[in-house]
Amino acid sequence: MNEFYQQVYDLVETIPSGKVMSYGQIAWKLGRLHGARMVGRAARIGPPNLPWHRVVMSDGTIAGGNHPDIRKKMLKKEGIKFLSDYRVDMNSCEWKG
């Protein structure tokens, strides 16, 4: 397995309930300053049991996948706050890891 992908999986697994990280934050934290797309690629092929719903775009948009409405419901259930335009309120629930 790709070592970077494994690092992504390990980090995503640690995002606590009620918090989110962006693809870019994950990449930056793992030393890939411009690696947000690589994180997205890792997510597409990654283990389905990880809390992928807690990974969003940098502006708080619920990203990727075929079920954004389900992801939004999962986030709301965890207490994630949303802005009026349906983006995650990154200021209130961003996790720095």
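Ala 43 is buried, because its relative accessible area is 18%. Buried means under 20% relative accessible area, exposed over 50%, and partly exposed in between (1.4 Å probe, protein chains only). The model is predicted: local features need pLDDT of at least 70, side-chain atom pairs count only at pLDDT 80 or more, and totals for chains, interfaces and linings use all residues. Residues are numbered from 1 along each chain as its sequence is written, and side-chain values use heavy atoms, with hydrogens and water left out.

Ala 43 sits in helix H3. Helices (H or I, at least four residues) and strands (E, at least two) are DSSP runs, numbered from the N terminus. Helix H3 spans residues 36-45, and its buried residues are Val 39, Gly 40, Ala 42 and Ala 43. These four cover an arc of only 160° around the axis, so they lie on the same side of H3. That arc is taken from the directions from the helix axis to the C-beta atoms. Arg 37, Arg 44 and Ile 45 are exposed, on the face turned away from the buried side.

What covers that buried side? Helix H1 (3-13) and helix H2 (23-29) are among the elements over the buried residues of H3. Ala 43 itself is in contact with Tyr 23 and Trp 52, leaving aside neighbours within four places in sequence. Contact means heavy atoms within 4.5 Å. Arg 32 is eleven residues from Ala 43 along the chain, and their C-alpha atoms are 16 Å apart.

The largest nonpolar core has 18 residues; Val 8, Tyr 9, Val 12, Ile 26, Val 39, Trp 52 and Val 55 touch the most other members. Such a core is a set of buried Ala, Val, Leu, Ile, Met, Phe, Trp, Tyr and Cys residues joined through side-chain atoms within 4.5 Å. H1, H2 and H3 each give two or more residues to this core. H1 gives the most, with six.

The whole structure holds one aromatic pair. Tyr 9 and Trp 52 form this pair, edge-to-face, with 6.0 Å centre to centre and 90° between the planes. Rings of Phe, Tyr and Trp (its six-membered ring) pair if their centres lie within 6.5 Å; planes under 30 degrees apart are stacked, over 60 edge-to-face, and the rest tilted. Tyr 9 lies in H1 and Trp 52 in the loop between H3 and strand S2 (55-56), so the pair ties together parts 43 residues apart in sequence. Both Tyr 9 and Trp 52 are buried.
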